[in-house]
Amino acid sequence: MTPHSARRFAILAASLLLFLVPGADAETGNKEAPHYVNDPSWPKPFPHHWMMGQVGGLAIDRQDRIWVLQRALPYAQDEQGAKHDLAPGERMPAVMVFDTAGNILKSWGGQGYVPDWPKSEHALWVDEGGNVWIGGNAPGDRQVLKFTGDGKQLLEIGHPTSGPRNNADTTMLGEPAGVEVDGAAHEVYISDGYLNNRVVVYDSDTGKFKRGWGAYGIALSKVANPPEPTGDAASTFGHYVREGPDYVPGEPPEKQFRTPVHCVHLSRDGYVYVCDRRNDRIQVFTKQGKFVKEFLVHRETRDNGSTWTLSFSHDPQQKYLLVGDGINQRIWVLRRQDGAEVSSFGAGYLHSVHQAALDSKGDYYIGDVGGAGPRSGPGNGKSVQKFTLQQQAP
């Protein structure tokens, strides 16, 4: 075989792999797995030439209203692309509520809205009663706030502080990254977080601590509390720095969660799923914190890891997990039974997918932290997008 022929054969083989390897293409996979198509009309253009900032949280309520928690930008941008500075009171509110057609229904919140509003908004949940839960991940954000749907504060768990990390201390949080409420049990689960590395559970009415655990279900007293970084190695407001040694592909699974512990979600059959983002894995527990199993997701992924968001598929059995990956810029579709990857989607539309949720029809909404402004690809830099579930042929 000549060198030229060998090169052509290698290109052909690589091209074939794109079709044969699960997850290589934006819409690969079997016919049973959910398939999605991007809806370019969602959301509708914003008023006041607003630009949406990084999306720190996204949730959908029982009325199929899409709640977005965003980090307001200090400027607007007109049709010609010119930016115009905005006073704090003129900026897009932090909490934006949309209908499934992309219209804004209401908005509230933002820096200074209440005394302990987080400096960097992160984590959003709307519970069965319509109450809204918000966290934050900047240094000093050690609290989760509970509001009514119209923005009246009801409860605060933890409090802002510059105190050192302490995974055994349940009076404060550690830059919480995710939150979900078990309405039947009146419990709120918090993935905690960017400073701490644990899961903690509180009474959702009173804020009283109930239980918590680390990776593999270890007790909070056994969760490591390494010295906090200083200088250039430390995160500052608006500038996140990964802490500690990165995962190295091929090494055994880490015995502790790596920060950030980025999400926590409850399945219909009563299990707790946790995004251990920089360890490229999802760990599954009982509601009491007993370790059940783990799924390793694209373990070749370095940097900020592969498991950023997690949603359960729309079918009654929740057969699939939709895992948002902000490094590989894909949504991986995994079988929930064993974690096997069956398909993927989102190629070209995603930058750093950060938050996601499904409505009652199974349509999928994502929030990005890739920054404002046009980028290459059909997504064109939108911070929030909608993917419509496609009906499968019989």
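This is a short tour of a predicted model, stop by stop, for use with the structure open in a viewer.

**Whole chain**

Now colour by burial. Of the 394 residues, 52% are buried. Switch to a surface view next. The accessible surface comes to about 17,400 Å². Carbon and sulfur atoms account for 54% of that surface. Then think about contacts along the sequence. Take those between residues at least 6 apart: 53% of them join residues at least 24 apart.

**Gly53**

Select Gly53. It lies in the loop between strand E2 (36–39) and strand E3 (55–60). Is Gly53 buried or exposed? Its relative accessibility is 4%, so Gly53 counts as buried.

Show what surrounds Gly53. Set aside the neighbours within four places in sequence. Gly53 is then in contact with Gln70, Arg71, Leu73 and Ser383. Gly53 and Gly370 are 317 residues apart in sequence, yet their C-alpha atoms are 9.1 Å apart in space.

**The sheet E17 to E20**

Move to strands E17, E18, E19 and E20. These four strands form an open sheet, in the order E17-E18-E19-E20, with antiparallel pairing. Which strands stand at the edges? They are E17 and strand E20 (291–296). Each has a single partner strand, so one side of each is left without a neighbour in the sheet.

Zoom in on E17 and E18. Five bridges join these antiparallel strands.

**The disulfide**

How many disulfides does a search of the whole structure find? It finds one. Cys263 and Cys275 form it, with their sulfur atoms 2.0 Å apart. Cys263 sits in strand E17 (residues 261–266), and Cys275 in strand E18 (residues 271–276). The two cysteines are twelve residues apart. Look along the S-S bond: the angle about it is 65 degrees, and the link is right-handed.

Check burial at both ends. Cys263 counts as buried because its relative accessibility is 5%. Cys275 is buried too, with a relative accessible area of 0%.

**Salt bridges**

Now display the charged side chains. Side chains of opposite charge can pair when their charged atoms come close. The structure holds 16 salt bridges.

- **Arg211 and Glu187.** Their side chains meet at 2.7 Å, N to O. Arg211 is in strand E16 (residues 209–213) and Glu187 in strand E14 (residues 187–192), 24 residues apart. Arg211 is buried at a relative accessible area of 13%. Glu187 is buried at 7%.
- **Arg198 and Asp192.** The closest N and O atoms of this salt bridge are 2.8 Å apart. Both residues are buried.
- **Arg258 and Glu251.** Here the closest N and O atoms are 3.4 Å apart. Arg258 counts as buried, at 11% relative accessibility. Glu251 is partly exposed, with a relative accessible area of 26%.

For the last stop, select Arg242, Asp246, Arg278 and Asp303 together. Salt bridges that share partners join these four residues into one network.

How values were computed
Residues are numbered from 1 along each chain as its sequence is written. This is a predicted model: local features need pLDDT of at least 70, side-chain atom pairs count only at pLDDT 80 or more; totals for chains, interfaces and linings use all residues. Side-chain values use heavy atoms; hydrogens and water are left out. Buried means under 20% relative accessible area, exposed over 50%, partly exposed in between (1.4 Å probe, protein chains only). Contact means heavy atoms within 4.5 Å. A disulfide is a pair of cysteine sulfur atoms within 2.5 Å. Accessible areas come from the Shrake-Rupley method with a 1.4 Å probe; for residues, only the protein chains shown count as cover. Two strands pair if DSSP finds at least two bridges between them.
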